[in-house]
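Here are my notes on the model you sent. Please read them with the structure open.

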Amino acid sequence: MTAITDMPDLPRAARRPQIGNPVLRWLRTNLFSSIPNGILTIVLLAVLAKGVIGFVQWGIANAVWLTPANDSSACKAVRGLGACWAIIPEKYRFILFGTYPFDEQWRPALSVALFITLFYLSSRRALWRRELALLWIGALVLTSVLMWGGVFGLPFVSQDRWGGLPVTLILATSGLAFGFPLGILVALGRRSKLPAIRSLSVLYVELIRGVPLVSLLFMASVMFPLFMPSGFNIDKLLRAQIAIILFAGAYLAEVIRGGLQAVPRGQYEAADALGLSYWRKHRLVVLPQAIRHVIPPLVNTFIAFFKDTSLVLIIGIFDLLTTAKTAIIDPAWQQFSVEVYIFVAAIYFVFCFAMSRYSRSLEATSGR
């Protein structure tokens, strides 16, 4: 009977038994592997500790959380020492809903709840069916009825009174929902064998990407009505929406084109061998693979456009950031803008972080 004596050639450190506390071993390996790394770790930990302690003292320990109605005297007494979070319960309805009639603010609140519910349902892959698209259409119609009113006994509210979070969600959701299919068509057009379609697609992308979004919003607000027939006027929010859709479509087209180029040539040939038409080939074979390749840049573009909706201030639309700026015009609360901006930043962070986490899970499941 022959004994097996061949052993794998392992490094001596790997053959040595691992002893000691695993936490201390991890710290030594990752944070204190050398003298320079140890010094840098200690300095960064000291700076981080100082920042955390300072924020806890300012934002929690010495903060003012509630004050009597529209009375900021308690906040002024601790100004510089503690935060004045009392401005949030005092101004949160204006920040979230702008100048929408106070007694009717349940309508934009319900619209926001509808959007969040649809976002959650859309993140469940098991629900990716035709019924979900119909649900989105019905929810958008219901949102329009809630925001405008004028039917079912709801008072009419003009678009000039809209503001805050509902406007941000409407602009971002509609812009990306219509910009994404536009981007797919333009990306396919740039790869078309027909010179006219390819040239128009290239011209559209280069023209839109060559100017900032502010310029497009300004042109949509000022120049676009000049080309309309006399007496025909398009809603200001719709004009901004068109500009955002065109801008999003150009950027998304380049992202999707990168995914199309990453699909192996053999996939196109296999689809042709099966006798699939041009549109069936791209819908069933090419586009699913192309989009899977570019999930990270796609979500990065979505997040950027969600934050870029704040630029609609240039044409007089009050989005979430603009209503926050307007809320601190009140002389009694003018000195406490930092707390308002932190509150708004937290709202933006929640939505952007949710998109980022969802993209990671989608990328992980798509790669299986």
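1. Lysine 91 counts as buried, because its relative accessibility is 14% and the cut-off for buried is under 20%. Lysine 91 belongs to helix H5 (residues 87–97), while aspartate 330 sits in the loop between H15 and helix H16 (337–366), so the pair ties together parts that are 239 residues apart in sequence. Side chains of opposite charge can pair when their charged atoms come close.

2. Keep in mind that this is a predicted model. Mean pLDDT for the protein chain is 84, and 94% of the residues reach 70 or more. Where is confidence lowest, and where is it highest? Helix H1 (residues 12–15) has the lowest mean, 48, and helix H6 (residues 106–122) the highest, 91. Residues 1–7 have pLDDT below 50. Beyond near neighbours in sequence, that stretch makes 0 contacts in the model.

3. Lysine 281 forms a salt bridge with aspartate 272, with the closest N and O atoms 3.3 Å apart. Are the two partners buried or exposed? Lysine 281 is buried, because its relative accessibility is 10% and buried means under 20%. Aspartate 272 is partly exposed, at 44% relative accessibility.

4. Now the rest of the charge pairs. The count comes to 9 salt bridges. One of the pairs is arginine 129 with glutamate 131, at 3.7 Å from N to O. Which residues are linked in a network of salt bridges? They are Arg190, Glu206, Arg209, Glu254 and Arg257.

5. On cysteines: the structure holds 1 disulfide. Cysteine 75 and cysteine 84 form it, with sulfur atoms 2.0 Å apart. The link is right-handed, with 65° about the S-S bond. Both cysteine 75 and cysteine 84 are buried. Cysteine 352 is buried as well, with a relative accessible area of 11%.

6. Next, the annotation. An unreviewed UniProt entry lists "transmembrane region" for residues 38–60, 105–121, 133–157, 169–189, 210–228, 240–260 and 340–358. Two of these spans can be set against the model. Residues 340–358 are 100% helix and 0% strand, and their end C-alpha atoms lie 28 Å apart. Residues 210–228 are 58% helix and 0% strand, with end C-alpha atoms 25 Å apart. Please check the 210–228 span by eye.

7. The unreviewed entry also carries the annotation "domain: ABC transmembrane type-1", covering residues 165–359. In the model, that span is 76% helix and 0% strand. Its end C-alpha atoms lie 23 Å apart.

8. Serine 310 is found between helix H14 (295–308) and helix H15 (320–327). Leaving aside residues up to four places away in sequence, serine 310 touches Asp319, Leu321, Thr322 and Tyr348.

Conventions
Residues are numbered from 1 along each chain as its sequence is written. This is a predicted model: local features need pLDDT of at least 70, side-chain atom pairs count only at pLDDT 80 or more; totals for chains, interfaces and linings use all residues. Side-chain values use heavy atoms; hydrogens and water are left out. UniProt positions are given in the numbering used here, feature names are shortened, and annotations may be inferred rather than shown by experiment. Helices (H or I, at least four residues) and strands (E, at least two) are DSSP runs, numbered from the N terminus. pLDDT is the predictor's confidence in each residue, from 0 to 100. Contact means heavy atoms within 4.5 Å. A disulfide is a pair of cysteine sulfur atoms within 2.5 Å. Buried means under 20% relative accessible area, exposed over 50%, partly exposed in between (1.4 Å probe, protein chains only). A salt bridge is a side-chain nitrogen of Lys or Arg within 4 Å of a carboxyl oxygen of Asp or Glu.
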